[in-house]
Amino acid sequence: MNLLDMGAVELAAAIRDGKATAVDAVRASLERIEEKEALYHCYVTIDRKGALAQAEAVQSRIERGELNGPLAGVPAAVKDNLCTAGMLTTCSSGMLKNFVPAYSAEVVLNLHRAGAVILGKTNMDEFAMGSTTETSAFGETRNPWNPAHVPGGSSGGSAAAAAAGECFYALGSDTGGSIRQPASFCGVVGMKSTYGTVSRYGLIAYGSSLDQIGPIARNVTDCAAVLEAIASHDEKDSTSMERPDTDFMSALYEDVQGMRIGIPKDYFGEGLDEEVRNAVLGAAKLLEEKGAIVEEFDLRLVDYAVPAYYTIAAAEASSNLERFDGIKYGYRTTDYNGLHGLYKKTRSEGFGEEVKRRIMLGSFVLSSGYYDAYYLKALKVKALIKRAFDDAFSGYDLILGPTAPTTAPKLGESLADPIKMYLGDIYTISVNLAGLPGISLPCGLDGAGLPIGLQLIGNCFQEKKLIRAAYTYEKARGIFPAANEGVKITSDRKAGE
């Protein structure tokens, strides 16, 4: 029995039945990390000793009958912008390269309550600002499908670790698609819930009105299980909501009969790769064959989503990151002249280029004389985008489209053209602006053997519809090939063959 071939929920069942132990699972994961990590660089921190100690403690509780949930004993990874007590939390930035929090994020505590074993912290774009996991101060992460390509970002370390078998699932954060886009590039499943469903307490913020933590896993079942485990009302987060309907695993059944699914014409225009278009429309046809009612419609306002998002996100980043000044915590320059010199030199040395670019943009749009022209206007566009989605969901249960306009680009291509990198988020950012839930799952491979992602978007609090449709599609599609199989896949090879 190869434990690494199992999904998270499947592994937990095997541990409960005595066919394996949590210690066995952790050792298998650590062996895979030892084998693959030098090439893929999914992690910033690997807690080998701590993970084995956790596994022994969890295994004892399972044997005593204290833990019997769907994730008990399963090794997981956590994005490095989520605070973990006693473990390095860097945001992949030189600014926090020595930061060890005294507390854990609420989602990390929820995973511990579920019996998860944390293997370590995954690499990411610095302060979650990027789409490729190349802006990390600790080096780039590589895509397990082809190490010459990026894994996406900013949760690229989490997606790559899940795809490479270096963990059974991982947590990421999604500000403008940072869970769904790397899930698409790495051939795994990534889900963002309705804003406020998962506590942001302990998440080092990028854009507070947009950030949401979520799971990245190898299948829809595991994503539903992880989301159910981490969703909770938290008084420490003023945006956290109390919901009675977070039993997300109850939606894991095949049934899209009569479900109305809209395909925005605006998502299939210029800039969309032809192979991506064909794979996504093929997925729509498969759902139609299973009983869904699929039709095209005009969503509008798509062209305005990118500038509105980057204006709002940069403004919030400028505000959130002003706390990193060399005084309270984090990096401090050693050679400076006066207080302002300390601030300036610390921030110049501690932050990378992309972070500084977004801080400067955010400071500009919030400055006197430009606030109304840019930031306030972006907030108005955000409201219009939400209204456009409200109109769409008055006629449709779900919206279907691509997760990204292309498959994973080669390393270095996106950083050479930041504007092109920003435009690559066109299908994901509007979901964050409107606070909606969305899920990405693999729907095919391009001619180079790289995964293509299908995105499903739901109305607020409709995660169960998303999970049900995604699960139905996944079952109809069949088994998707794993990145680490080393199978040569041609352009006409179908998933599961």
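**Aromatic pairs and a helix contact**

Lys 236 lies over the face of Tyr 201, 5.0 Å from the ring centre. The model is predicted. Across the whole structure, a search finds 14 aromatic pairs.

**Phe 297 and Tyr 396**

- The ring centres of Phe 297 and Tyr 396 are 4.9 Å apart.
- Phe 297 belongs to strand S8 (residues 293-297), while Tyr 396 sits in the loop between helix H12 (371-393) and strand S9 (398-402).
- The pair therefore ties together parts that are 99 residues apart in sequence.
- Both Phe 297 and Tyr 396 are buried.

**Tyr 309 and Tyr 310**

- Tyr 309 and Tyr 310 form an edge-to-face aromatic pair.
- The distance from centre to centre is 4.8 Å, and the angle between the planes is 85 degrees.
- Tyr 309 has a relative accessible area of 3% and is buried.
- Tyr 310 is buried as well, with a relative accessible area of 7%.

**Aromatic cluster**

- One aromatic cluster is formed by Phe 99, Phe 127, Phe 324, Tyr 329 and Phe 351.

**Contact of H11 with H12**

- Two packed helices are described by the angle between their axes and the distance between the axes.
- The axes of helix H11 (residues 353-366) and H12 come within 7 Å.
- These axes cross at roughly 110 degrees, and H11 and H12 are therefore roughly perpendicular to each other; the range for that class is 65 to 115 degrees.
- From H11, the contact is made by Phe 364, Val 365 and Leu 366.
- From H12, Tyr 371, Tyr 374 and Tyr 375 take part.
- Of the residues in the contact of H11 with H12, six are nonpolar, none is polar and none is charged; Tyr is counted as nonpolar here.

**Ala 163**

- Ala 163 is found in helix H5, which spans residues 156-164.
- Ala 163 has a relative accessible area of 9% and is therefore buried, the limit being under 20%.
- Between the C-alpha atoms of Ala 163 and Phe 138 the separation is 20 Å; along the chain, these two residues are 25 residues apart.

Terms used. Residues numbered from 1 in each chain as written. Predicted model: local features only at pLDDT ≥ 70, side-chain atom pairs only at ≥ 80, totals over all residues. Heavy atoms only, no water. Phe/Tyr/Trp six-rings, centres within 6.5 Å; stacked < 30°, edge-to-face > 60°. Helix = DSSP H or I, 4+ residues; strand = E, 2+ residues; numbered from the N terminus. Buried < 20%, exposed > 50% of the residue type's maximum accessible area, 1.4 Å probe, protein only. Lys NZ or Arg CZ within 6 Å of the ring centre and 35° of its normal. Axes fitted to C-alpha atoms, helices over the stretch in contact; angles between N-to-C directions. Parallel < 35°, antiparallel > 145°, perpendicular 65-115°, else oblique. Contact = heavy atoms within 4.5 Å.
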